Amino acid sequence: MIKIVIVSFIAIFILFLLYAILPTVLIRINSWGITKKTNLKAIALTFDDGPNPEYTPQLLDLLKKNGVKATFFVVGSKVKKYPDIIKRMNQEGHTIGIHHFEHTSSWILSPLQLKKQLLLTEQAIMECTNEKVRFYRPPWGSFNLFSLLISKPYKVILWSHIFGDWKVVKGKSGLLKQLLAATEPGSILLLHDCGETLGADKEAPRYMLKSLEIYLQENIKKGTKFVTLTDL
C-alpha cells in the first residue's frame, strides 16, 4: 500500500512537472512566444489584477493628470462587476488586456479551462469597449503545456521589471527606489492596482500609487516617454 502511494505521488509530480513547471521555465528563460521588453525608446507601464473600485479610479486620475497612457491586464469577473471603470480606461486611451476571468494559475487549468478563462475575459472586455483584445498576461506569469497554443490569438506579455508591490511592506520601503532605477528604454514595468488576490495585501495599491506619483513626476521632468502596448 505504501509503495502504491509513493509511486502514485511520484507519477503525479512528474506529470505536474511536465505539464506546468517545465513549460513555464522554458518559455520564460527562452522567451518563446512572449514579450518581456520592447524595441521602443519608451517605458510601458502595466497594471495587473484590477479593476478595483477604490484604487483603479485613483490610478486613472494620476495617469490622466500626468498625461500618461498605460496597459491594464484585467480579471474578467471584476470587469463584469465594474464595467464603468473599464469603459473609462478605454475612453482615456489606455490598452486593456486579459488576465484570466478568475485570478487562477495556468498550472491548475486544463486546456479547456484555460481557453474558457481567455474567452470569457475577452467577451467581458469587448462588451465594455467594442474593441478586439490583443494582449494577454497569465496570472503569476505561469504557463502550462498548452498555453502558447491556446493563447495564439493574442500577444503574450510578461515584464522586464517586477517589484513585489502587492505587499504593503514593499510599498512602504523599497518600491520607490526600485521604480526610480527602472528607466531603461524598452522596459515593461509590472505594478498592481488591486490587492485582493492570493498572497497580496488589500491596501498595497495605496502605497504603490504614492511611489508611482513621484516616479512619474521625476521621469516626466527628464523627458521619459511612456507608451501602451498598442504602440508596439
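1. Asp201 is partly exposed, with a relative accessible area of 24%; here buried means under 20% relative accessible area, exposed over 50%, and partly exposed in between (1.4 Å probe, protein chains only). The side chain of Asp201 meets that of Lys167 in a salt bridge, 3.7 Å from N to O. The term stands for a side-chain nitrogen of Lys or Arg within 4 Å of a carboxyl oxygen of Asp or Glu. Lys167 lies in the loop between strand E7 (161–162) and helix H7 (168–172), and Asp201 in the loop between strand E8 (188–192) and H9, so the pair ties together parts that are 34 residues apart in sequence. Lys167 counts as partly exposed, at 32% relative accessibility. Helices (H or I, at least four residues) and strands (E, at least two) are DSSP runs, numbered from the N terminus.

2. On the basis of the note: this is a predicted model, in which local features need pLDDT of at least 70 and side-chain atom pairs count only at pLDDT 80 or more, while totals for chains, interfaces and linings use all residues. Residues are numbered from 1 along each chain as its sequence is written, and side-chain values use heavy atoms, with hydrogens and water left out.

3. The structure holds nine salt bridges. One of them joins the side chains of Lys65 and Glu213, at 3.6 Å from N to O. This pair links distant parts of the chain, 148 residues apart: Lys65 is in helix H2 (residues 55–66) and Glu213 in helix H9 (residues 204–221). Lys65 is exposed, at 62% relative accessible area, whereas Glu213 is partly exposed, at 28%.

4. Asp61, Arg88 and Glu92 form a network of salt bridges. Within it, the closest N and O atoms of Arg88 and Glu92 are 2.8 Å apart. Glu92 counts as buried, with 19% relative accessibility.

5. Helix H5 (residues 111–129) has 19 residues and reaches 27 Å from its first C-alpha to its last, close to the 27 Å expected at 1.5 Å a residue. The expected span is 1.5 Å times one less than the number of residues. Just after H5, Asn130 takes a positive phi of about 60 degrees.

6. Which residues of H5 are buried? They are Leu114, Gln117, Leu118, Thr121, Glu122, Ala124, Ile125, Cys128 and Thr129. They cover an arc of only 160 degrees around the axis, which puts them on the same side of H5; the arc is that of the directions from the helix axis to the C-beta atoms. Leu112 and Lys116, on the other side of H5, are exposed.
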